[in-house]
Amino acid sequence: MIPLREQEFLREKFSRELATRVRIDFFTQKETSLLVPGREPCQYCRPTRQMLEELAALTDRISLRQHIFEEDREAVAQYRVERIPAIVLHGGDKRWLKYYGLPGGYEFVTLVETIVDISRSTNYLSDKTRKRLRKLKDDVRIQVFVTPACPHCPQMARLAYHMALESPRIAAEVIE
């Protein structure tokens, strides 16, 4: 799925830039060739899993765990996963970031850069923004809706992720 030339680029990037391990929890549905009444097959689960497996194979600093949405109710509840495919990215602390859908097009870059940001505990927010985030009294859920062809979406997704990494009061979700 990821072309060989890009795999080599990513292998080198991860080798240079990943400071700590990043865990990815992937939520999907059980694959079956049967059509189950009342249950839509997940169109993007298989390609999303394949892409994540290829990414994780590029470095030992990325670990990948797969969960079956219908079966692993404990993990679904723990990470508040509402739909599939779902990608939950974890860094060194107990915070996580969610991506729903297949991160293709411009959003693939968002995924890669967010993995690096989590690993390095990088945050590009201004001091003024950080101060304001520390003053939050209530929990905030930020949802950024993106399309793979939108060149502006990655900046908004990364901004939401950086806010969530800065404040335990913020949960960030990117939805394709």
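View 1. Ile170 is buried, with a relative accessible area of 8%. Buried here means under 20% relative accessible area, exposed means over 50%, and partly exposed is what sits in between, using a 1.4 Å probe and protein chains only. This is a predicted model, so local features need pLDDT of at least 70 and side-chain atom pairs count only at pLDDT 80 or more, while totals for chains, interfaces and linings use all residues. Residues are numbered from 1 along each chain as its sequence is written, and side-chain values use heavy atoms, with hydrogens and water left out. Ile170 belongs to strand E6, which covers residues 170–175. Helices (H or I, at least four residues) and strands (E, at least two) are DSSP runs, numbered from the N terminus. Setting aside neighbours within four places in sequence, Ile170 touches Leu133, Leu136, Val140, Ile142, Met163 and Ala164; contact means heavy atoms within 4.5 Å. Ile170 and Arg141 are 29 residues apart in sequence, with their C-alpha atoms 5.8 Å apart in space.

**View 2. Helix H1 alongside helix H4.** H1 takes in residues 4–17 and H4 residues 106–120; their axes come within 10 Å and cross at roughly 20°. For these angles, axes are lines fitted to C-alpha atoms, for helices over the stretch in contact, and the values run from 0 to 180 degrees between N-to-C directions. H1 and H4 are therefore roughly parallel to each other. The cut-offs go like this: under 35 degrees is roughly parallel, over 145 roughly antiparallel, 65 to 115 roughly perpendicular, and the rest oblique. H1 makes a right-handed crossing with H4. A crossing is right-handed if the near helix is turned clockwise from the far one by less than a right angle, and left-handed if anticlockwise. On the H1 side, look for Leu10, Lys13, Phe14, Arg16 and Glu17; on the H4 side, Phe108, Val112, Glu113, Ile115, Val116, Ser119 and Arg120. Sorted by class, the residues of this H1–H4 contact come out as six nonpolar, one polar and five charged. Ala, Val, Leu, Ile, Met, Phe, Trp, Tyr, Cys and Pro count as nonpolar, Asp, Glu, Lys and Arg as charged, and the others, Gly among them, as polar.

View 3. Lys13 is found in helix H1. Is Lys13 buried or exposed? Lys13 is buried, at a relative accessible area of 7%. Leaving out neighbours within four places in sequence, Lys13 is in contact with Leu18, Val112, Glu113 and Val116. Leu136, 123 residues from Lys13 in sequence, lies 35 Å from Lys13, C-alpha to C-alpha.

**View 4. Helix H2 against helix H4.** Turn to H2, residues 45–56, which packs with H4 at an angle of about 40°, the axes being 13 Å apart. H2 and H4 are therefore oblique to each other. H2 passes H4 in a right-handed crossing. Met51, Leu52 and Leu55 of H2 meet Phe108, Leu111, Val112 and Ile115 of H4. The class count for the contact of H2 with H4 is seven nonpolar, no polar and no charged residues.

**View 5. The disulfide of Cys42 and Cys45.** How many disulfides does a search of the whole structure find? That search finds one. It joins Cys42 to Cys45, with an S to S distance of 2.0 Å; a disulfide is a pair of cysteine sulfur atoms within 2.5 Å. The link of Cys42 and Cys45 is right-handed, with 85° about the S-S bond. Cys45 is buried, at 4% relative accessible area. Two further cysteines can be checked for burial: Cys150 counts as buried at 18% relative accessibility, and Cys153 counts as buried at 11%.

View 6. Most residues other than glycine have a negative phi, and most peptide bonds are trans. The peptide bond from Ile84 to Pro85 is cis, with omega near -5°. Pro85 sits in the loop between helix H3 (73–78) and strand E3 (86–90). Arg80 lies in the loop between H3 and E3; its phi is near 50°, a positive value in a residue other than glycine. Arg80 is exposed, with a relative accessible area of 51%. Ser121 is in the loop between H4 and helix H5 (127–134). Ser121 has a positive phi, near 55°, and is exposed at 65% relative accessible area.
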